[in-house]
Each structure stands twice: as structure tokens, then as C-alpha cells.
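Here are a few exercises to work through with the model open in your viewer. Try each one yourself before reading the solution.

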Amino acid sequence: MPELPEVEVVRAGLERHVVGRTITSVEVLHPRAVRGHEAGASDFVGRLLDATVTAVRRRGKYLWLDLGSSPEPAGAPEEGLLAHLGMSGQMLMRPPGTPNERHLRVRLGFADGGPELRFVDQRTFGGLTPVELVDVDGTRVPRPVAHIARDPMDPLFDPVAAARAIRRRRTGIKRALLDQTLVSGIGNIYADEALWRARLHGTRPTDRLTARQARETLDAATAVMAEALAAGGTSFDALYVDVNGESGYFERALDVYGREGEPCRRCGTPVIREPFMNRSSFSCPRCQPRPRAQR
DNA sequence: AGGGCAACCTGGGGGC
DNA sequence: TGCCCCCAGGTTGCCC
């Protein structure tokens, strides 16, 4: 589901609702939601009980809670609770006693008796994992996130280095944009939107892009995600919601994604849909011509 | 080494 | 109505 803007909406909501609170009850309703934790569901529960949330952070599409013991120890946090929303994950704040959501997977209750944090996930591609935090290039991140590149909203994001990394790859530009180890946070929607803005077809070979083209594509991705974030995220339906269950409304502003047959907003040519890695790519065949056959 | 693809799931919608 | 196929915003692991 969610790409960077949607995950950031969730992060900001969690920050408002759980920082400073101590976890005193943990219920795992579906083992698959904690499959990333090898020690299993009961160990998962034990690791979270009595932990205090000290911060809520994000890199790309990964989200995590910094956890401290209570009372607060000195120094950098050593542990966290990592969340990935997969295709359909939601983090919802709900008053205790609220009926279980159909796809409720994990429930965290707090010492103050206030709203619970519920992880709801229809397709179960997402999950929660207790993690060790490690230093990577001067930033503390969960160990499973160590290989994920900084995202464009990161103050330390280096667009020149990211453009260079993309051009070093021998692949198509869309594949490179989706590669979370080159630049993180971009998914299928924002990749298509960025390529439309940059007037590039997704199969354009990265190693034949100019530095300027690579940079402009990254800048376009950054801009479209910033706009989506300002609008509260993109949502097509009730699956994509903030911690209060409210939908964003950015879908009206998408230029190509999901607009097969509708006129390109620049030139009026009907937008086309092409198969791509078991999913879809949308583009304007005139503004974004497919590259000539490879030599 | 690095690229590309199937697999992991559930549910909604369209066609027959 | 029912069934079946296709589609969905992600990531991993495995094969080449």
C-alpha cells in the first residue's frame, strides 16, 4: 500500500498518540503479523511489556517506535518495535473495548488506560518486529533497515549521490526508483508520477541517462511525495487511512497512475497501462515514449 | 554481482 | 446468483 507519504502520515499520528506512554498489554491475534520475530509470539509479547515509547521514526516505508525501559535510561535507545505496513497494513488508535476490526492482528494497550494501538492488516504482507537499533552512517536505525537507503525527506538525503547510484545500475529507471537500496520510500504510484513529470518511460536504461535526467527524476519524485504528504496521503479506499481511520484525498491530483484511457494532462493523449513486474505501469505514450530497442 | 521473477495473502470487481 | 479470473500502493528469496 503505502508509500512514503502514507507512512509519514501514520508516523506523525503515532507520534502524537503514543510517545511517553508505557505498554502494559500485548495481544497477538495472528502469528503471521509477527513472523519476522524468530522467537515467536510469546517472546514478542515479553519484549514489549513495560517498554515506554520514546519516539516514532521512519525511513522510506519502514516505521518504528524507539523503546526505553521505564524509568527512562540515559543514552541512545537500544531497542525498538519495527513496523512495515506491507500492502494493506494500518495503525489505528482505538478506545479499549472497541470491537475487533475484521483483520486485527496485534493490539497494544498502555498503562494510562487510554487508546490502544491496533495493527490491522488484511493481506498480512506487513508485520511488527522487535528490533535492535544500530548506527548506520551516524543515524540510529533498526538492524533490518540498515540496508535501506535514506529517503528524499531525510535531512541527510544526498540527491547527487542517489542520482549517481541510479546511473550506475544497469536496469530501467522505474526499477531503479523502486529499489529501496538506491533511494527509499518510492512505490509504484509515485514512481509513475515522477516519470510522467520527468517525461521518461520507465524502461529507459539508467546507465544512459544524463546526470541531469537522473537528478530531475529524483526531484520529481521528491516533489510529488511532498505534495501528497501535504494533502494527507493518497487513498483510493478505506484501506489507506491515518491513525484515526481518516482517508487522504490526493488521488484527485494523480496525473497518470490509474488513469488508463484518460487524457494526459499535458498533451491530451490517452494514458496507457502496461504490464510491469506482475503489476501495472501508467504513462503518456507521447510525453514518455518507449526507448528504442536495445542495441 | 546483480537483475528478474514467483511467492507470500485476502478481498473486491468484472465477465461469463 | 455463482464462479473464476484478474487486480491491488511491497518485499523477500531464489534462480540465472
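Helices (H or I, at least four residues) and strands (E, at least two) are DSSP runs, numbered from the N terminus. This is a predicted model, so to speak: local features need pLDDT of at least 70, side-chain atom pairs count only at pLDDT 80 or more, and totals for chains, interfaces and linings use all residues. Residues are numbered from 1 along each chain as its sequence is written, and side-chain values use heavy atoms, with hydrogens and water left out.

**Exercise 1.** Work out which element gives the largest share of the lining of the second largest pocket.

*Solution.* 
- Start with the term: a pocket is an open set of points on a 1 Å grid over the protein atoms alone, where a 1.4 Å probe fits, with protein on both sides within 12 Å along at least five of seven lines; lining residues have an atom within 4 Å of a point.
- Of its 16 lining residues, Arg57, Arg58, Arg59, Asp154 and Pro155 are the closest to the centre.
- α1 (4-18), β2 (51-59) and β9 (139-142) each supply at least two lining residues.
- The largest share, 5 residues, is from β2.

**Exercise 2.** Describe how domain 1 and domain 2 meet.

*Solution.* 
- Take the bounds from the automatic or database domain assignment: 4-145 for domain 1 and 159-283 for domain 2 in chain A.
- The C-alpha centres of the two are 28 Å apart.
- Count contacts (heavy atoms within 4.5 Å): 20 residues of domain 1 touch 20 of domain 2.
- Now look for salt bridges (a side-chain nitrogen of Lys or Arg within 4 Å of a carboxyl oxygen of Asp or Glu): the count between the domains is 0.

Key:
Chains are lettered from A and ligands numbered from 1 in the order in which they are written.
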